Amino acid sequence: MSIFNGVAGNRGHNPIGAVIHNDAGSQSANAAHYQNWLPGINPENGFAHDYVCSDGTVHAEDDWNCAWHCGDDWGNNEFYSVEICQSMGDLETFKANEERALALVAAKFKAWGITPNNDTVRLHQEFFATSCPHRSVEIHGGFDATKAYFIRRIGELMNSTDKWIQDAKGWWYRYTDGSYPKEQWLKLAGEWYYFDSYGYAIQNQWRCIKGLWYYFNDKCKMVRGFLKDGDYWYFLNRKAGSKPEGAMLTGFVLDGTEWYFFRRSNDGHPLGSMVTGLFKDGDYKYYCRPKKEGKYAEGTMVTGFQWVDSEKAWYYFNKDKNCQPIGSMMRCHWISENGKKYYLKADGKMACNEIVVLDGKEYRFDGSGALKA
């Protein structure tokens, strides 16, 4: 539903062309401003059909209705009108708005079967003593150059299909009808993208979306799998499961045949960053490789015997789920391996070159940790 609901009358047929305006608003006169402001104005003071801003387009009047936009009865009755907003603010923001406005006009012309030319593409100052569209005339080099540019660009956009557009603020995706996605996901050619409230694709940064963290690379694509950001590794879900595809995972992660662990909270290191070395999770301790070891990548969880250099001791990490979680440190436990027996003490360290008393009985262990006969 439009804001003005036909207050200026019903045209009874499609517009014969478009009048392009520049608002006289400030840089902050965005879609939210117009959405709140327009319903309270006296429409006889003037309004356009659409207002194209950096954060979206405000639809003020339906195309089949007239609008009081150019100070001329014939122009008001016969032409569709579009305001390119934020004309007093940042130049690149305005230029991006202008491109979106021209794409919108192109979509309208295509639907109405209108060819862009001197008669169908009009500037406000053709109808009324005004400098409007002042900013467009300024940046394109005068009235004639601006009108020629608008005609040419609308024609180009009418022949275009959905495609990516890059401007000074970033990348956005323009549909054939001139609209564009914002605050939403879009999957293109098997890749996911997310567009912010201004319609720009997130690029080279993390973004929290509905409470979950995602990362988008330099091509604006959502990342899956391992990601190295600064000094830390992260893991982004390869496929949807307990969390959506691309969401940052925390805790234990099984990738292929190997387990990894990613921080469940910020503990002086970032949430979701890979943990290496000896660490505790719940009731158990685990060990993940601090660096690549042969076929094993950095961060892979260790099972079996492992020398922990920081503790100057051997430990044993469970190989199966029979008595406690896989990968968890064994304590107060005998291990038999290659015909020899070893013992893990209460702190998890393997008894080595010492005597251990268990249930009143002495057990002697050699320098390798093996039980002496």
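Residue numbers start from 1 along each chain as its sequence is written, and side-chain values use heavy atoms, with hydrogens and water left out. Local features of the predicted model need pLDDT of at least 70, side-chain atom pairs count only at pLDDT 80 or more, and totals for chains, interfaces and linings use all residues.

Helices (H or I, at least four residues) and strands (E, at least two) are DSSP runs, numbered from the N terminus. Five strands form an open sheet in the order β3-β2-β4-β1-β5, with mixed pairing; two strands pair if DSSP finds at least two bridges between them. The edge positions are taken by β3 (56-59) and β5 (121-123), each of which has a single partner strand, so one side of each lacks a neighbour in the sheet. From one strand to the next the twist averages 25°. The pairing of β1 (residues 17-22) with β5 is parallel and has three bridges. Within it, isoleucine 20 has leucine 123 of β5 as its bridge partner.

Two helices lie across strands of this sheet. Helix α3 (residues 91-112) lies across β1, β2 (50-53), β3, β4 (79-84) and β5, at about 165° to β4. Helix α5 (residues 143-158) lies across β1 and β5 and runs at about 145° to β5. Axes are lines fitted to C-alpha atoms, for helices over the stretch in contact, and angles run from 0 to 180 degrees between N-to-C directions. The axes of α3 and α5 cross at roughly 65° and come within 8 Å. This crossing of α3 and α5 is right-handed (the near helix is turned clockwise from the far one by less than a right angle). Contact (heavy atoms within 4.5 Å) involves Glu98, Glu99, Leu102, Ala103, Val105, Ala106, Phe109 and Lys110 of α3, together with Tyr149, Phe150, Arg153, Ile154, Leu157 and Met158 of α5. By class, 10 of the residues in this contact are nonpolar, none is polar and four are charged. In this classification Ala, Val, Leu, Ile, Met, Phe, Trp, Tyr, Cys and Pro count as nonpolar, Asp, Glu, Lys and Arg as charged, and the others, Gly among them, as polar.

A nonpolar core is a set of buried Ala, Val, Leu, Ile, Met, Phe, Trp, Tyr and Cys residues joined through side-chain atoms within 4.5 Å. Buried means under 20% relative accessible area, exposed over 50%, and partly exposed in between (1.4 Å probe, protein chains only). The largest core has 24 residues, of which Ile20, Tyr80, Val82, Val105, Phe109, Val121 and Ile154 touch the most other members. At least two residues come from each of β1, β4, α3, β5 and α5, and α3 gives the most, with nine. Apart from this core lies another of 16 residues, including Ala8, Phe47, Val58 and Cys85.

Aspartate 50 is located in β2 and is buried, with a relative accessible area of 3%. Its C-alpha atom is 4.9 Å from that of valine 82, 32 residues apart along the chain. Beyond neighbours within four places in sequence, the contacts of aspartate 50 include Thr57, His59, Tyr80, Val82 and Lys108. Asparagine 353 is in the loop between β21 (340-344) and β22 (354-358) and is exposed, at 62% relative accessibility. Residues up to four places away in sequence aside, asparagine 353 touches Phe365, Asp366 and Gly367.
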